[in-house]
Amino acid sequence: MTGSLGAQDDFTAEMTAYGVYTGIVTSLRHQGIATLQGIPIAVQGLGKVGYALCRHLHAAGARLIVADVVPERVQRALVQFSGATSADPAHIHAADCKVFAPCALGGVLTPASVEALRCSIVAGAANNQLGQRQLVIGQMQARGILYAPDYVLNAGGIISTAYELEGAQPDTIRQKVAGIADTLSAVYRAAATSGISTVDAADQLAEARLSGNTPRS
């Protein structure tokens, strides 16, 4: 892919967002929900990735709840995405929604914040979301909250960069990023079959792929 550095950064952010969107759709289907129409989704963080994610979600009919520490970003989202509402960025995790999508800083999932969750799915772009890994994983499992591991969901940026370096065209890259759906589905199946967390299942799948025991998409 050719173009300025800024354009490449924008495309990488777009592909990261598209991967997260694909993961949210996959997670909803895993819970028996076939459409995003009217589904309340809380997006924490409206940077390049978070805002692009909102575009995908809004186009699919989701009902957005948005938050960011920069008021101008929130106002822009409220204007562009009809029906969207805003929330305090420090408390949006407690919004009454189906999906909570953390797309800002890491460490947002702490024992206290998980206790306050009112969603059934956590699926977002932020890195290192788990503040206290084993404790919060156990909490989410106990509450029946489906967690989409962050490094599975936000892999679109890495996938995009790798294929750009090989000279792939945008449509081809988008198809590769869409493969996140298959990877996440495999994680959910492995977790259910083995009785382990989705995080442990993702780790096992990653280790298997790195060792060459599992074919890449």
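This is a predicted model: local features need pLDDT of at least 70, side-chain atom pairs count only at pLDDT 80 or more; totals for chains, interfaces and linings use all residues.
Biologist: Let's start with the whole chain. What does its secondary structure come to?

Modeller: The protein chain has 10 helices and 6 strands. Along the principal axes, its C-alpha trace spans about 45 × 45 × 30 Å.

Biologist: How do you know that the radius of gyration agrees with a compact globule?

Modeller: For 217 residues, a compact globule would have a radius of gyration near 17 Å, and the protein chain has 17 Å, so the two agree. Buried residues account for 49% of the 217 residues. Of the contacts between residues at least 6 apart in sequence, 58% join residues at least 24 apart.

Biologist: At what angle do H9 and H10 cross?

Modeller: The axes of H9 and helix H10 (residues 198–210) cross at roughly 120° and come within 8 Å. H9 passes H10 in a right-handed crossing. Thr183, Ala186, Val187, Tyr188, Ala190 and Ala191 in H9 meet Thr198, Ala201, Ala202, Leu205 and Arg209 in H10. That contact has 8 nonpolar, 2 polar and 1 charged residues.

Biologist: And which hand does the crossing of H7 and H8 have, left-handed or right-handed?

Modeller: H7 passes H8 in a right-handed crossing. Their axes come within 9 Å and cross at roughly 145°. From H7, the contact is made by Gly156, Ile159, Ser160, Tyr163 and Glu164, and from H8 by Ile173, Lys176 and Val177. The classes here are 4 nonpolar, 2 polar and 2 charged residues.

Biologist: How far is serine 160 from alanine 13, C-alpha to C-alpha?

Modeller: Those C-alpha atoms are separated by 9.3 Å, while the residues are 147 apart along the chain.

Biologist: Why is valine 25 called buried when its relative accessibility is 14%?

Modeller: The cut-off for buried is under 20% relative accessible area; valine 25 has 14%, and therefore counts as buried. Its place is in helix H1 (residues 5–30). Valine 25 and alanine 60 are 35 residues apart in sequence and 9.9 Å apart in space, C-alpha to C-alpha.

Biologist: What makes valine 122 buried?

Modeller: Valine 122 has 0% relative accessibility, so this residue counts as buried. Valine 122 lies in strand E5. Leaving aside neighbours within four places in sequence, its contacts include Phe100, Pro102, Leu109, Leu117 and Met140. Between valine 122 and glutamine 132, 10 residues apart in sequence, the C-alpha to C-alpha separation is 16 Å.

Biologist: How do you know that valine 199 is buried?

Modeller: Its relative accessible area is 5%, so valine 199 is buried. Valine 199 is found in helix H10. Beyond residues up to four places away in sequence, valine 199 touches Leu130, Arg133, Ile137, Tyr147, Pro149 and Tyr151. The C-alpha atoms of valine 199 and isoleucine 173, 26 residues apart along the chain, are separated by 26 Å.

Biologist: One last residue, then. Why is asparagine 128 called exposed?

Modeller: Exposed means over 50% relative accessible area; asparagine 128 has 62%, so asparagine 128 is exposed. The residue is found in the loop between strand E5 (121–122) and helix H5 (133–142).

Technical notes
Residues are numbered from 1 along each chain as its sequence is written. Side-chain values use heavy atoms; hydrogens and water are left out. Axes are lines fitted to C-alpha atoms, for helices over the stretch in contact, and angles run from 0 to 180 degrees between N-to-C directions. Helices (H or I, at least four residues) and strands (E, at least two) are DSSP runs, numbered from the N terminus. A crossing is left-handed if the near helix is turned anticlockwise from the far one by less than a right angle, and right-handed if clockwise. Contact means heavy atoms within 4.5 Å. Ala, Val, Leu, Ile, Met, Phe, Trp, Tyr, Cys and Pro count as nonpolar, Asp, Glu, Lys and Arg as charged, and the others, Gly among them, as polar. The radius of gyration is taken over C-alpha atoms; the globule rule is 2.2 Å times the number of residues to the power 0.38. Buried means under 20% relative accessible area, exposed over 50%, partly exposed in between (1.4 Å probe, protein chains only).
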